[in-house]
2 protein chains.
Amino acid sequence: PNGGHPSVYADWLPAPGQPTLLFYGHYDVQPVDPLHDWCTPPFQATRVGQNLFARGASDDKGQFLIHLKAIESYLKTVGSLPINVKVWLEGEEEINSPNLPALLDREADRLRADAVLVSDTEMLGQGRPSIIYGLRGNLNFELEVGGPRHDLHSGRYGGAVYNPLQALCEMIAGLHDPAGRVTIPGFYDRVQEVAHALRQELRCTGPTDEDILTDLDLPQGWGEQGYSLFERMTIRPAVTVNGLFGGYPGPGSKSVIPKKAAARLSMRLVPDQDPLRMAHLLRRHFTAVKPSAVSTRLRITGSSPPVIIQRRHPALSAATRAVYHTWGVPPVFTRSGGSIPFVPYLARFGAPVILLGFGLPDDDIHAPNEKISLPNFFRGVETIIRFLQEYRL
Amino acid sequence: PNGGHPSVYADWLPAPGQPTLLFYGHYDVQPVDPLHDWCTPPFQATRVGQNLFARGASDDKGQFLIHLKAIESYLKTVGSLPINVKVWLEGEEEINSPNLPALLDREADRLRADAVLVSDTEMLGQGRPSIIYGLRGNLNFELEVGGPRHDLHSGRYGGAVYNPLQALCEMIAGLHDPAGRVTIPGFYDRVQEVAHALRQELRCTGPTDEDILTDLDLPQGWGEQGYSLFERMTIRPAVTVNGLFGGYPGPGSKSVIPKKAAARLSMRLVPDQDPLRMAHLLRRHFTAVKPSAVSTRLRITGSSPPVIIQRRHPALSAATRAVYHTWGVPPVFTRSGGSIPFVPYLARFGAPVILLGFGLPDDDIHAPNEKISLPNFFRGVETIIRFLQEYRL
């Protein structure tokens, strides 16, 4: 028990002198709605051809089962494991793991390991295994704009009163310049310049602009000039509106200048953009650009720092060799634009977090008809078995 | 019956050689919600001090009763009316009188009159009667912006995909320049220059900027430079956002770039801004400024043309004298920023529509605790009685 949904822990530690690997996974899942879009019952694993469909099939119960099956295979055949192993499964990942920092503090000794293995990410495509070594951080916030004390008739007052909806649009439109750069003063100040060689590597291994646009069925991309779409998604920070709210929501029309309007936004952060500092810059920016005829309220609703995982570590070398031997190709070391809240916490141990996932881009995680590819599942089990061997000193 | 809620008609026409006056009113009302904000039952007229509280007390059942009481008083004392009178009460004003044009066509002979009297407006304040001679027109529209085929994860794609919410904000922010002027090309082309003398008159009779801001409890106004707030509300056109919709509406936050976003907007039009032409300019403008990475859809949801009522007409002179004799002050001839959809239709008769109302700015029409001032009610009855006398040839 950790104050919320319980965590499950197990270990096998009789390998003196060998490193200790912590397997991390989560058993909680996203809601299944809209239910009528599912072709199979979401809470009953259903095999269709080469895929197994169910909520959690890829995120993350199916992928965690890969870990357990690898351990089970080893114990059933050899009778022991080549290294020390800890297994930890939690139940709050999908709600940002609110009780995790306290649990990590309390159980630090028990959970400490030389490396952490997480299979909660995707490969770049069929037969293209990847290890994620960088995740963007995030900062979620809400901006509320207040105008008159109560709603006004827009026929009567339209043209003479600053409309909170309009002020909100102006403030959001003003967050980017025509070149797609974020205009918040200081926003890019501490963004790490990414080495030319690394950009070259991302260009070779990551998807091209065309790949991404074809995938999304979009005619063109958008964003910061001078960077490829994949770079904009991974090594560059971003500010995104996630929701707008204000005015009459019903059918037809209503002549109203509402008393307030609000937007939900999020920042994606790269090293070394500290969420706290970004919140400060944000507050200063909105105070400076706020039209004097309206009031604003900024509320930070969540954050996690960006993470870069060191690539030179025996555990990562072992994972690389395991992938190469099992898949016939080396893993692509790449970065992801998303955020995994628990990874920065895990990184506190000082042990590398190996993000080696076996999902596919079309697994529809968080969406209806989530699935896992069974060939990937079985090859994943082989990869983990091989990793346990390779990580042995 | 007129296809929707029935209209009620009555007449008294035995005054040969005298003009015919049409009294127009509406018996339908706005919804009463939020019900818990009412201090008295909304559908039971309740007297509290000098006021009568009920839905429709001012808009428009109470004000129409003023007409009926004036006619009744005349008939009960003198036994006949000094002029010919038609009385017409409809039941669809609050839903934009959809069946009214057809009814006017069908019953043109029956409804034809030399002047129309409507008491559905407000005075400028206690003891400051007004006759409205100009109403702004309106054009309601919805702008929808579409991006990717389905919602995207904003962590993964943030910074590389044109967000429909952002494009919508940019397009709305771009509707005004920093001087508060509407940027739609051609928007002001046919706006009638208002004569200096008329502006002077509005300045003397209308509320000052300070009056308006005090009334609204706002620190400052907004809008087109070079015009007073009252001018911006009455003789100048406006474009106003009435609602914004898009993205995750629930509690907490969700990392989404939604596939679409939408806004409801309205234009208030002054002579000679034709709604059809404005719709055309709007369509052309949005096509021109639309970022190429998103799609847009513009939908016109309603319109009514602006109206100016000729001030030189025997009926208006009679109304002016009636007000002067009853209230001790002449009526203030002024304009209103709102729109009354039926007035342009009534104007088809070629007869002047006299907008002489006895409401007060704090009557809370369309809101909870709507009321009418009883002293105003009784003085209104006297005013109409006097008007019937004055309009006699």
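**Close-up views of a two-chain predicted model**

**View 1. Chain A superposes on chain B by a rotation of 180 degrees, with 0.0 Å of shift along the axis.** In this predicted model, the RMSD of that superposition is 0.1 Å. As background, two copies of a chain are related by a rotation about an axis and a shift along it.

**View 2. A:Cys169 is the residue of chain A that comes closest to the rotation axis.** Look for its C-alpha atom at 2.2 Å from the axis. The contact surface is the same in both copies, as 100% of the contact residues of chain A recur in chain B.

**View 3. Three strands of chain A form an open sheet in the order S3-S4-S17.** Their pairing is antiparallel. At the edges you will find strand S3 (46-48) and strand S17 (371-373) of chain A, each of which pairs on one side only. On average, neighbouring strands of this sheet are turned by 25 degrees against each other, direction ignored.

**View 4. S3(A) and strand S4 (residues 51-53) of chain A are joined by three bridges.** These two strands run antiparallel.

Methods. Residues numbered from 1 in each chain as written. Chains lettered and ligands numbered in written order. Predicted model: local features only at pLDDT ≥ 70, side-chain atom pairs only at ≥ 80, totals over all residues. Heavy atoms only, no water. Least-squares fit on C-alpha atoms with pLDDT ≥ 70 in both. Contact = heavy atoms within 4.5 Å. Pairing = 2+ DSSP bridges. Helix = DSSP H or I, 4+ residues; strand = E, 2+ residues; numbered from the N terminus. Axes fitted to C-alpha atoms, helices over the stretch in contact; angles between N-to-C directions.
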